[in-house]
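Keep the structure open as you read.

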Amino acid sequence: MIKKYLSVLTAVSLSLIAVTGAYSNAAEKEVTEVTTKRSEYRKVFNNGDGTYTAYTNTAPIHFLDNGEWTEIDNTLVDNGDGFYTNKNNSFSVSLPSELNIADAESSAVNLSYEKLNISCALTNIEIPSGFESQPAYIDVNNAVYDSAYDMNIPEGLAAAFSNASAEADYRSISDGLDLNMSVHNSTFTESLVINDVDKIPESVTYSVSAEGVQLER
């Protein structure tokens with residue numbers, strides 16, 4: 001089986017941890033976060049033994065909300081209106097529960113940041129003759145980085161990493177084609193997954209519109 005990924009939006013930045021400060025016998029102490037020392041990329045923990053540990057991430061783990069650094073939570077939840085949305089971030093992503101490339105309007109992905117609203121949709125896929133598009137239902141994965149709990153870091157930091165990313169898949173939007181959506185700390189990626197080399201589309205049209213401005217590629 002051959003898989004090719006065509007990324008149509010921003011690439012995902014990988015999260016790496018840098019540690020500064022002293023950290024000793026954490027399992028035997030009550031380790032608590034010092035929320036007043038938060039920054040966009042940093043968490044600071046009181047080790048309970050007179051020392052502190054600062055963890056700095058390469059991607060944001062907090063966003064400013066009414067002047068306070070709030071923890072990012074991109075867990076995808078059903079909003080009851082036919083869409084799944086991320087819980088808590090500076091930007092909002094809405095993914096349709098059912099996606100059909102033959103109905104671009106109802107299958108569009110909506111993104112909003114402050115006063116900017118963007119709608120993104122596959123508007124046409126020229127697939128080989130004999131294959132048809134079909135509705136696909138969302139399959140949500142909110143445990144992208146559950147392995148963070150196995151790392152030697154405080155539980156509060158592991159939870160922050162685990163909640164920072166989520167994925168959703170739409171399988172078989174047409175024969176041999178899947179669609180993957182990834183929501184990360186400060187990025188969103190949509191990828192067309194081709195499972196069979198014989199079913200590679202002749203062309204793909206992707207439409208992005210925002211407040212009267214529309215881009216097609």
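**From overall build to core**

The chain has 1 helix and 19 strands; these are DSSP runs (helices H or I, at least four residues; strands E, at least two), numbered from the N terminus. Bear in mind that this is a predicted model, where local features need pLDDT of at least 70, side-chain atom pairs count only at pLDDT 80 or more, and totals for chains, interfaces and linings use all residues. Residues are numbered from 1 along each chain as its sequence is written, and side-chain values use heavy atoms, with hydrogens and water left out.

Of the 217 residues in the chain, 39% are buried, meaning under 20% relative accessible area with a 1.4 Å probe, counting protein chains only. As for contacts (heavy atoms within 4.5 Å), 52% of those with a separation of 6 or more link residues 24 or more positions apart.

Now look inside. The largest nonpolar core has 26 residues, and V93, L95, Y170, I173, L179, M181 and F188 have the most contacts inside it. Such a core is a set of buried Ala, Val, Leu, Ile, Met, Phe, Trp, Tyr and Cys residues joined through side-chain atoms within 4.5 Å. Elements giving it two or more residues include β10 (91-96), β15 (166-174) and β16 (177-183). Another core, of 8 residues, lies apart from it, with I153 and F161 among them.

Pick out M181: beyond its neighbours within four places in sequence, its contacts include L95, V109, Y170 and F188.

Finally, find T85 in strand β9 (residues 83-88). T85 counts as buried because its relative accessibility is 14%. Leaving out residues up to four places away in sequence, T85 touches T75, L76, V77, N79, V93 and S94.

Key:
Buried < 20%, exposed > 50% of the residue type's maximum accessible area, 1.4 Å probe, protein only.
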